[in-house]
Amino acid sequence: MSIRFIHTADWQLGKPFRQFPPGLAGELTAARLAVVPRIAALARGKDARHVLVAGDVFDTERLSNIDLRRAFEHMAEQNDIRWLLLPGNHDPSRIGGLWERIARLGVPENVTPLLEAAPYHLAPDAILLPAPLTSKNPGRDPTEWMDTAATAPGIARIGLAHGSVQGFGSEGESAVQIARDRAARAGLAYLALGDWHGTKSITGNTWYSGTPEPDRFPDNEPGHVLAVAIEGERLIEVQKIESATFSWSKMQHAVRSLADFPAIERAISTRTTTPRTLLLQLALSGSLSLADHAALDKWRETWSGKLRHLDIDASGVAVEADAEDIGNLGGSGALADAARHLMAIAADRTHPEHEIAATALVRLYGFAAETEREAAS
Amino acid sequence: MKLRALRVANFRRFAAPVAVEGIADGLNVLVGPNEMGKSTLFDALEAAFLTRFKVTGAVLDAMRPYAGGDPIVEVDFEAAGQRWRIRKQFGRGATAILTDIGAGRAVARNAEAEDLLSRLAARGAGRADDAAGRLGLVWIRQKRALLPPTPDTDPGSGLPKPRGEQAVLLDAIANEVGAAVSGDQFEGVRAKVTSALNVLLTPKRTGIKRNGPLDLARQARDEIRGRLDEAEAAASVAQNRLDRIATKAEELAVLQSPEARKQSAAHLAGLEQRLEAQKHVRTRRDLQRETAKAREAELAAASQVMQSRKSLLEALTLKRQALGEAAALADDIRRLSEELNREPVTPAALERLLTLDRARDVAAAELKGQAAVVTFKLAPSADGNVTIAGAPVPAGTRIDVPGEIAIDIKGVGTIVVASANADRGSDLEQRRIAAEAALKDALDTLGVVSIDAARERAASRAAKVDGLAKARARMAALAPDGVEKLRDEVNALDARLGRAAAAQPAVDAIETLAAAAVEARAAYETLSSGAMTDQAFDALASECAALREKESRRDAEIASLNMVLANLKGEQAGADEDGKAAQADALKGELERATKEVQRLEHEAQALRYLEATLAKIEEGARTEFVAPLVRRLQPYLAQIFGDAELGFTDGFAPERLQRGSVSEPVAALSDGTREQLSVLVRLGFAELLASGGEAVPLVLDDPFVYSDDRRLEALKTMLARLNAIPQTIILTCREEAFNSLPSHRLTLGAWSDAKTAS
């Protein structure tokens with residue numbers, strides 16, 4: 001006998017993303033909810049009928065009732081799939097807390113919240129050992145009970161937990177620590193973990209699925225679910241499947257002139273094949289002439305249109321008025337004098353107003369160019 | 001530009017139409033008496049070029065004649081190589097018509113006509129709005145010459161005006177120094193900075209513009225912050241409530257579970273067992289403490305006995321010593337007492353002796369005072385021949401004779417010498433003998449030979465008295481109750497010591513007692529260490545009691561906890577429905593965004609302010625440089641009028657100091673005449689600058705030399721006659737005589753015959 005299921009985690013439904021413009025924030029929030037039908041479709045494609053969500057289904061315990069109803073409605077619609085939901089550090093199962101509220105609101109028939117550290121019969125020959133979190137930091141390894149959980153021989157034991165694996169690093173965001181060798185100690189065929197937002201294999205049969213829809217810039221391969229196949233008591237296959245709508249990327253580039261921008265464009269194209277779904281945080285360093293600075297503004301406008309979101313941090317780019325810039329400002333005239341004065345201050349990193357002077361210089365150049373264009377027209 | 005004709009109707013004092021025709025190139029002079037209306041002509045000229053045809057209110061009223069009517073002004077001029085006519089009618093039916101005279105047709109009307117007129121008047125400057133500035137620089141009203149060019153700030157608001165006379169002058173100078181492009185660009189950039197800043201900040205830059213983007217961004221941020229605070233407060237309340245729910249639920253679960261009930265009972269049993277055990281241990285400890293105290297008391301008593309005998313022995317030794325000393329003292333006292341009893345030379349006896357001695361001396365002295373003095377001055381041969389009572393008298397003898405004396409001289413007879421009062425002398429002699437006898441008697445009685453011997457004996461006696469007193473004092477200290485009593489005490493102590501020696505415990509017995517005490521104390525310590533402190537014991541007892549109490553109230557507590565939990569959960573459900581806490585995360589994101597926007601705009605405002613200040617500073621510097629071309633233009637004129645002189649300027653192109661030779665004077669301190677002349681010269685400089693920078697503008701001076709004396713006026717006229725650099729100059733003056741000799745084109749004021757037709 002064999003069992004196939006989808007391992008996913010960290011949906012964080014209801015995350016507001018309000019640090020972004022309202023339209024984008026709405027899209028990002030909606031994209032999280034949209035993973036439910038998408039994962040259902042992927043499960044069907046893999047002949048799986050169970051989706052194990054390893055914690056942080058919801059972004060916060062304080063999620064409004066309407067958001068909760070909407071989430072469960074999405075799961076209810078996929079009625080051939082059983083959704084097994086584990087409370088994580090974002091949505092711990094506290095007395096009087098979120099999951100009690102969910103119970104009051106009514107849980108669809110095909111959704112099972114795993115609120116107890118007790119074996120759950122996944123299939124005739126597969127038992128799920130869930131390790132729900134009952135607080136943001138329970139101060140113990142919630143998977144410890146798996147070692148002594150008794151199951152009949154010949155039955156596959158599958159662990160489901162949320163937290164940081166000891167030794168893997170503190171990159172996980174919860175303070176919950178999970179023993180790295182839990183799968184071996186507890187005789188698990190597979191340990192499905194959540195918390196780390198990227199897809200990552202800890203041991204052969206201990207995996208973080210990562211979040212199915214990225215929600216932040218760190219590049220750790222988010223945006224996947226795992227299709228897991230177990231034969232008897234043995235793990236057969238873990239397959240990584242892309243599930244994201246948006247991709248988030250963070251890049252750093254040093255620039256000297258306009259000629260460096262095509263390289264950035266090429267770098268973008270390696271990140272995504274669909275730029276319109278890319279959110280890019282681009283940190284620039286180096287220096288640009290005034291003309292190139294103006295060109296950077298244009299480039300920003302162009303690429304802001306191409307990408308879903310572009311955030312350029314050019315505070316690390318020094319402004320340098322070159323001979324051509326000075327020439328454009330009339331060479332020996334008053335504007336050139338002003339530019340030289342501002343440039344001297346902008347270049348002096350110890351000057352308290354050097355950043356202001358740099359911006360003033362860029363504006364001076366911009367206004368001068370505008371004035372010239374108006375005079376010419 | 002050159003003016004060719006000026007025609008006026010219904011304009012102030014000119015109700016009837018008048019005209020000045022045929023204005024020529026070079027120097028033109030219109031001479032007319034005061035009240036002729038020269039200044040009115042000047043105003044009309046300005047009105048034609050600078051006053052909007054649609055003007056109303058005070059400006060219009062000022063142009064109207066006293067009798068009323070709508071003012072009409074018409075000027076023929078040349079510009080851009082063509083002849084033009086501008087005709088403006090103000091008031092009712094206001095119109096402006098610009099006519100191309102060559103083509104004989106109106107090329108523009110009203111606003112368009114005015115716009116085109118401005119362009120023609122400002123030709124060379126490139127900006128239509130420069131016309132007012134350009135004309136203002138060189139069309140100088142009566143006495144206006146004394147003032148500097150109007151600054152580029154509006155005196156009412158203090159704000160910069162877009163284009164004033166200074167700006168025009170600066171542009172003209174910028175043209176001159178070859179910075180034409182940058183000058184224009186500079187103004188353009190500055191205008192953009194100003195308008196960009198005006199959106200963000202107040203005009204004076206001291207505050208944020210109300211409802212501008214920065215103000216709105218701040219308002220939005222503050223509003224979000226307020227909402228976030230509310231949401232976080234709600235979230236914090238919810239968090240606390242959830243914590244309380246968790247705590248209470250846990251307590252309830254513990255109370256309700258049979259396992260816990262069993263555990264609690266076992267816990268209580270354990271506690272009670274410990275309590276009983278402790279009670280036992282504590283009793284034994286208390287008993288042992290008493291035992292240890294008893295052993296220690298016994299040891300103390302034995303030690304005390306030993307100690308007391310030692311004290312007795314010491315006391316006895318001391319007493320015995322005292323007794324020995326006291327016995328010796330008693331002997332001394334006795335002996336001394338006896339000796340003193342035997343001694344008659346007491347201080348009183350000595351005193352009496354001394355009294356007798358003094359009495360004898362007194363008697364002797366009295367006797368001597370009474371006596372006659374007989375002195376024997378004998379010849380050597382008389383030796384042995386003179387005797388008294390048979391005894392020879394040696395030569396030189398002198399004797400006192402208190403009574404009578406018979407001096408026998410051998411071979412001569414007897415000489416009896418008697419004192420004056422022989423009886424009294426004899427009496428005194430008797431008394432002296434008696435005193436002597438009394439003293440002798442006293443000495444004999446005391447058994448001494450002399451007063452001195454008596455004194456010695458008295459001193460010896462005093463020493464003994466002293467020794468006796470000391471011995472008695474010591475005796476009183478040693479044996480206050482007498483030697484025998486002391487002896488009794490010694491005997492008594494001796495007896496006690498004897499008895500004590502009989503009762504004394506053995507040294508080893510004391511050691512045994514000490515060992516017993518230590519052992520008893522150690523046993524107590526051991527028991528103590530096994531016993532709880534009072535505090536811990538009390539706590540244990542209280543815990544037991546509380547637990548017993550709790551067990552007995554368990555059911556009531558379960559009911560109460562259930563109620564509390566139901567209430568808390570109800571509150572929580574209400575808060576969840578309210579959803580305020582749910583917004584906190586969203587609002588945090590919004591606040592981050594709003595804060596960034598505020599920072600961006602603040603940075604923008606700061607940068608623009610910085611740019612504005614930098615441009616102002618640069619311009620300031622440029623302005624100083626820019627005076628040079630004006631000074632150069634002015635120099636030849638100054639030389640003609642003032643000889644070796646130099647004029648200094650303020651930043652606003654106002655003449656500041658006049659340097660003549662080594663003397664430098666502030667312009668304000670100069671005479672009216674000199675100031676007037678200087679100002680006209682400066683205007684000539686302005687006119688030259690404008691002429692060199694674009695199409696020239698005619699210089700128009702209304703009564704320019706009111707204060708000038710004849711000599712200066714001659715020099716000025718000579719200078720005006722040679723004004724080659726300025727293509728056209730028009731002087732309006734009342735000083736006919738003065739200007740008669742000036743080679744110039746004379747203008748006259750005539751009737752404007754075809755005024756009506758023209759209109």
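Predicted model: local features only at pLDDT ≥ 70, side-chain atom pairs only at ≥ 80, totals over all residues.
Chain A has 377 residues, of which 54% are buried, and its secondary structure comes to 10 helices and 17 strands. If we take the contacts in chain A between residues at least 6 apart in sequence, 69% of them join residues at least 24 apart. The accessible surface of this chain comes to about 15200 Å², and carbon and sulfur atoms account for 51% of that.

Let me turn to helix H4 of chain A, residues 98-105, where A:Leu98, A:Trp99, A:Arg101 and A:Ile102 are buried. Looking down the axis of H4(A), we find its buried residues within an arc of 155 degrees, and therefore they line one face of the helix. What do the buried residues of H4(A) pack against? In chain A they meet helix H3 (65-77), strand E3 (82-85) and strand E4 (111-113), and in chain B they meet helix H14 (534-578). Just after H4(A) comes A:Gly106, with a positive phi of about 105 degrees.

Now to the largest pocket, which has a volume of about 1900 Å³. It is lined by 49 residues, and the closest to its centre are A:Arg300, A:Ile312, A:Ala314, A:Arg363 and B:Arg600. Among the elements that give two or more residues to this lining are helix H7 (290-306) and strand E17 (309-320) of chain A, as well as helix H15 (584-642) of chain B. The largest share, 13 residues, comes from H10(A). By residue type, the lining divides into 20 nonpolar, 11 polar and 18 charged residues.

Technical notes: Residues numbered from 1 in each chain as written. Chains lettered and ligands numbered in written order. Heavy atoms only, no water. Helix = DSSP H or I, 4+ residues; strand = E, 2+ residues; numbered from the N terminus. Buried < 20%, exposed > 50% of the residue type's maximum accessible area, 1.4 Å probe, protein only. Contact = heavy atoms within 4.5 Å. Areas by Shrake-Rupley, 256 points an atom, 1.4 Å probe, with all protein chains shown as cover. Arc of directions from axis to C-beta. 1 Å grid on protein atoms, 1.4 Å probe; cavity = no way out; pocket = protein on both sides within 12 Å on 5 of 7 lines; lining within 4 Å. Points joined across faces, edges and corners; volume = space filled by probe spheres on them. Nonpolar A, V, L, I, M, F, W, Y, C, P; charged D, E, K, R; others polar.
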